[in-house]
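Subject: Handing over a structure

Dear colleague,

Please find the sequence and the structure below, followed by notes on what was found. I would be glad if you read the notes with the structure open beside them.

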Amino acid sequence: MIHASFGVNEVGNLTLNGADTVELAKQYGTPLYVFSEDDIRENCRHFVEALGAFYDGNGQILYASKAFCCKEMYRIMKEESMGIDVVSGGELYTALSVDFPVERIFFHGNNKTDAELKLAIQAGVGHIVVDNLEEMHRLNDFASAANRVMHIFLRVKPGIDAHTHSFIRTGQIDSKFGFALETGEAMAAAKEALSLSHLSLDGLHCHIGSQIFDTEPFALAADVMLRLMDKLRAETGVTLEGLNLGGGFGIRYQESDRPGVYRDSIEIMAAALRAAAKELDFPLPKLYLEPGRSIVGAASATLYKVGSVKEIPGIRTYVAVDGGMTDNPRYALYQAPYEIVIANKAREERDFVATVAGKCCESGDLIQENAAMQHAEPGDTLAVLATGPYNDSMASNYNRIPRPAAVMIRSGNARLIRRRESYEDLVKNDL
């Protein structure tokens, strides 16, 4: 199994944290998202402890909400002393609905609307990460009208190739996010921010990509960003106090994946910052990190019911399930790899090769092609592992298919954290 929290019980069924996934599928229906709360909390603590061990706790770990957002996740983050990174008014509203501490919220986004900026100002979020000059001036005007001074970071493109899929690289100059370092755009934007009366520039932010296994790009980003902060100090006399190096820590989707230890990545980033700060005689900044995928992580799955098995001799075999690209669009988007397990046959050999197809009216509605699994039959419970990140959060109602329910498992006990959408939910906003 790709994660130690998965197991096989005495009747041969797949378990997650001791909970029988076949029984969960019967109780809550399918498709069904299942998450390990124990592992979510443990991952939070690993990051917080590593920041304490290697950087004296000088900063904050921020959960990247876009990986999986719901009220219960924010309750858990609050209890684990985490901050959060939100990227929309909807994520911010969800966090506010459970009284998440606003001072621990960073609000991101490359095209924040007027309504979103005003909501952030009204709520008093801790920091807004400014993406462009137009946004910067709108924010200053709205803050002036509200008689507030808003604390901001600037998003910078540090020009670093994170060696990941082109769709999820965000640190290079050709990216829709942020200000370019190489062209001088970032320096000019920082000086502009310092001139505005209702904004307080507290730091810089960068994010070099997602699903990164190498530690070198993180260390390079730390060095490059601190040197930019030092250059800004030399040209303006202003010493920024914060540096947000984003997230992007990879997880294990397949047996062959070899993600690094998150603790090691933080140690390497901290060492790079300490070395650069010593060389430049620059005060160590507060360090902010934004893990998302690596928090909600590999100890999760989506459960489906197999509807049909269709063999095309000499071509391939299709195993059709009662979900698909509506609850997991990542394979259609960028051929994301997953491990497949027939949950009610988890003890058997995975010697059956098939393509897992969804129920949408699209030829490209596939979850995995030519995947090894146990022999599948109609009525089986099929589990796709490590679907916690970016599945629920990217889900849609294409073909008017209701979105799945979600369940959290703690110490073997499952509880519903979001109800399954109904057909009535699909039409309630129609006129």
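Leaving aside its neighbours within four places in sequence, with which residues is Phe352 in contact? The residues are Val309, Thr317, Val319, Ala371, Ala372, Met373, Gln374, His375 and Ala376, where contact means heavy atoms within 4.5 Å. Phe352 is found in strand β17, residues 352-357, and at 14% relative accessibility Phe352 counts as buried. Buried here means under 20% relative accessible area, exposed means over 50%, and partly exposed is in between, with a 1.4 Å probe and protein chains only. Helices (H or I, at least four residues) and strands (E, at least two) are DSSP runs, numbered from the N terminus. Between the C-alpha atoms of Phe352 and Arg138 there are 57 Å in space, and the two residues are 214 apart in sequence.

Before going further, please bear in mind that this is a predicted model, in which local features need pLDDT of at least 70 and side-chain atom pairs count only at pLDDT 80 or more, while totals for chains, interfaces and linings use all residues. Residues are numbered from 1 along each chain as its sequence is written, and side-chain values use heavy atoms, with hydrogens and water left out.

The chain as a whole

The protein chain holds 12 helices and 21 strands, and 56% of its 431 residues count as buried. A compact globule of 431 residues would have a radius of gyration near 22 Å, and the 23 Å of the protein chain agrees with that; the radius is taken over C-alpha atoms, and the globule rule is 2.2 Å times the number of residues to the power 0.38. Along the principal axes, the C-alpha atoms fill a box of roughly 70 × 55 × 40 Å. Of the contacts between residues at least 6 apart in sequence, 69% join residues at least 24 apart.

Ala25 lies in helix α1, residues 21-28, and counts as buried because its relative accessibility is 10%. Apart from neighbours within four places in sequence, Ala25 is in contact with Thr30, Leu32, Leu303 and Thr381. Leu382 is 357 residues from Ala25 in sequence, yet the two are 9.7 Å apart in space, C-alpha to C-alpha. Thr30 is also joined to Pro31 by a cis peptide bond, with omega about -5°, and Pro31 is found in the loop between α1 and β4 (32-36).

Glu37 is found in helix α2 and counts as buried, at 2% relative accessibility. Not counting residues up to four places away in sequence, Glu37 touches Asn17, Ile76, Met408, Ile409, Arg410 and Arg415.

In helix α4 (residues 89-97), the buried residues are Gly89, Glu91, Leu92, Thr94 and Ala95, and the buried residues of α4 pack against α3 (71-79), β6 (83-86), β7 (105-107) and α5 (114-123). The N-terminal end of α4 is capped by Ser88, which has a side-chain oxygen 3.3 Å from the backbone nitrogen of Gly90. After α4 comes Asp99, with a positive phi near 60°.

His108 has its place in the loop between β7 and α5 and is buried, with a relative accessible area of 4%. The side chains of His108 and Glu290 are joined by a polar contact of 2.7 Å, a polar contact being a pair of N or O atoms within 3.5 Å; within protein, one must be able to donate a hydrogen and the other to accept it, and residues adjacent in sequence count only if both atoms are side-chain atoms. Leaving out residues up to four places away in sequence, His108 touches Asp85, Val86, Val87, Val129, His205 and Asn244, as well as Glu290.

Two loop residues with positive phi

Asp56, in the loop between α2 (37-55) and β5 (59-64), has a positive phi of about 55° although it is not a glycine. Is Asp56 buried or exposed? At 64% relative accessibility, Asp56 counts as exposed. Ala386, in the loop between β19 (381-385) and β20 (405-410), likewise has a positive phi, near 65°, in a residue other than glycine, but Ala386 is buried, with a relative accessible area of 0%.

With kind regards
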